[in-house]
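User: I have a model open and would like to see how its labels follow from their cut-offs. Could you walk me through it?

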Amino acid sequence: MCGIAGFLNINNSFRADEAKEQIKRMVSQLRHRGPDDEGVWVDKETGIALGHRRLAILDLSHTGRQPMFSSDGRYIITYNGEVYNFQELRRRIQDTNRVKFRGSSDTEVILEAIRVWGIKKAIEKFNGMFAFAVWDRKEKKLYLARDRIGIKPLYYGWAGKSFVFSSELKALRVFRDFRGEIKKDALALYLRYNYIPTPYSIYKNIYKLELGSILEIDCEGKEKKSVFWNVKEAVRYAAAHPLQEKREAEEELDWLLRSSAKLRMISDVPLGAFLSGGIDSSTVTALMQVQSPKPIKTFTIGFYEKGYNEAEYAKKIAQYLGTEHTELYVSPKEAIAVIPKLAEIYDEPFSDSSQIPTFIISKLTRQYVTVSLSGDGGDELFGGYNRHFWIKHIKEKTAWLPYSGRLKISKALRNMPSAVWSILDKAFAGFPSKFRLSQIEDKATKISDILSKNTDFGIYHSLISHWHNLQELILNYNSTPSIIKNKWEAVELKSFTQKMQYLDLTTYLVDDILTKVDRASMSVSLEVRVPFLDHRVVEFAWRIPLEMKIAKGEGKKILKKLLSRYVPQKFMERPKMGFGVPLGQWLRGPLREWAEELLSEKRLREEEFFHPEPIRQKWREHLSGKRNWQYHLWDILMFEAWKEGNSQ
């Protein structure tokens, strides 16, 4: 895993020494992504500069250094990620071509695959997570590519007469002609979803490369985009060819996940796994352990607040599987200490509050290993979010009510004081784990959202949205891009639940979950691999009929069945918990002074981004305990903290 950066200066206005100094400044911003080595390459004749920071995972010797040339000298690459099937591809190349490989890295295999098969055909053969830039010295063209699921980040765009790209925005901000003007469309999207959806970035003229895409740029600055894997078509085709036999589906899923986990265990450095004790991380851990000759290392963090603590479940799974388990209980003070680092880590406004525990578990894990496997992706593929089965259930139970009646119930739930929900949280904490409920106010808010909408898209969009009336919040702003609605309307799937899963896979997973994990882990130089997001698993999961995933108000049925082959059923009898923190309590307590400064009316007016009134109203209601506005307020707080830490 690494950090990459580069630029193509169209009018070639850099001197050679200036270009080299510029690319060095860019990659120096990415040292956390690659602390082991640095490399740059500049071609003054064409104005191209490539830079690389290396986290050595495979081939720790000098033969794995980047930027790296192909054997014929035509292609040069700077690359972030892992191509897990590189050994198989290496054998295929050696069988048909006379190539003497210099080392044992997957980077060299990528280059030779491109040389033998061409850019697109080579990438179609890659199984992995990657974002890379390849310069074709013969055609004088630059190619950027991002993996099928968008696991690894890649920003690109224009700064003056230069085309620029990087793993993170911080490398672009130090480019000579970068201006960093905030794009209000992107700000609006961020406040709606707590992340900025691809292809937008927070800045004008800077974008995220779409998943499964290749971008070609020539020396005149002409851009051409193509797709090597179309997620919409892949999902549509798979869903149209469902499996018929339940036993066949279980066996094939078991084999595919075993294969995926095994590929992701290839490493020349110490390796382990995140283990929360939930279905996804337990499945990944079990499949790793059954294929490992020695106990694998597993890691979890716990919180003293009952409704947020999963460590007790993780410990039981670890003991049963026989892993070498490490757990860390985190106090509120320790968790809160992470907050000043978030603006630098996330590099772009981002306000999923589980970014806090994600950083803490990454930091803990990095003390012992350099690579960790994670269970991310299981919820999106197998129906693990409450909305995947709650919505249908609530709609069926309230169908007899007129819309006006549903609105009244929705309003009543919304207006319930936070203190009532806190009492219920404490009451349910004493129940047996099978019947225990946590974060009840969040669940009640979601039920309120379901009841308040009258269309399928309206329900889904309300559930994933934070701030709604953005025209009243953002100064001099008229409308929000309808990127989510366009995706919803474009995909041809039979059921409402499938549409939700598709949107979760292509938006929330990419720009929230994977962004959160990438930035948190790479900030401490930890590589995280995600077996559920092997494209073979993704495509197969969409062939599994919905009734094998969701039944009787419960999700992940087939995944639980698979896991029961490795751990007893009793370990799965627990409530689903988000990887969260008691943010609402903290904002009323130890974070109050910090938040008050960032949300002050004077500050908000002087900055001229927001109308202060709706923000101040929510802050007053939150402090009084009348309502829990933690997520809305966190959106504003993270934007303000980001802007303060990243001002030009």
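Analyst: Happy to! Of the contacts in the protein with a separation of 6 or more, 73% join residues 24 or more positions apart, a contact being heavy atoms within 4.5 Å. This is a predicted model, where local features need pLDDT of at least 70 and side-chain atom pairs count only at pLDDT 80 or more, while totals for chains, interfaces and linings use all residues. Residues are numbered from 1 along each chain as its sequence is written, and side-chain values use heavy atoms, with hydrogens and water left out.

User: Why is Trp 41 called buried?

Analyst: Buried means under 20% relative accessible area, exposed means over 50%, and partly exposed lies in between (1.4 Å probe, protein chains only). Trp 41 has 15%, so Trp 41 counts as buried. Trp 41 sits in strand S2 (residues 37-43), and beyond four places in sequence Trp 41 touches residues including Ile 48, Phe 69 and Trp 135. Across the protein, 61% of the 648 residues count as buried.

User: Which labels do Cys 2 and Cys 219 get?

Analyst: Cys 2 has a relative accessible area of 5%, so Cys 2 is buried. Cys 219 has 28% and is therefore partly exposed. The structure holds zero disulfides, a disulfide being a pair of cysteine sulfur atoms within 2.5 Å.

User: What makes S4 and S12 edge strands?

Analyst: Strands are DSSP runs of E with at least two residues, helices are runs of H or I with at least four, and both are numbered from the N terminus. Two strands pair if DSSP finds at least two bridges between them. The open sheet of six strands runs S4-S5-S6-S7-S11-S12, with antiparallel pairing. S4 (68-69) and S12 (223-227) each have a single partner strand, so one side of each lacks a neighbour in the sheet.

User: How many bridges join S11 and S12?

Analyst: Strand S11 (residues 213-218) and S12 share five bridges in the antiparallel sense. Within this pairing, Ile 217 stands opposite Glu 223 in S12.
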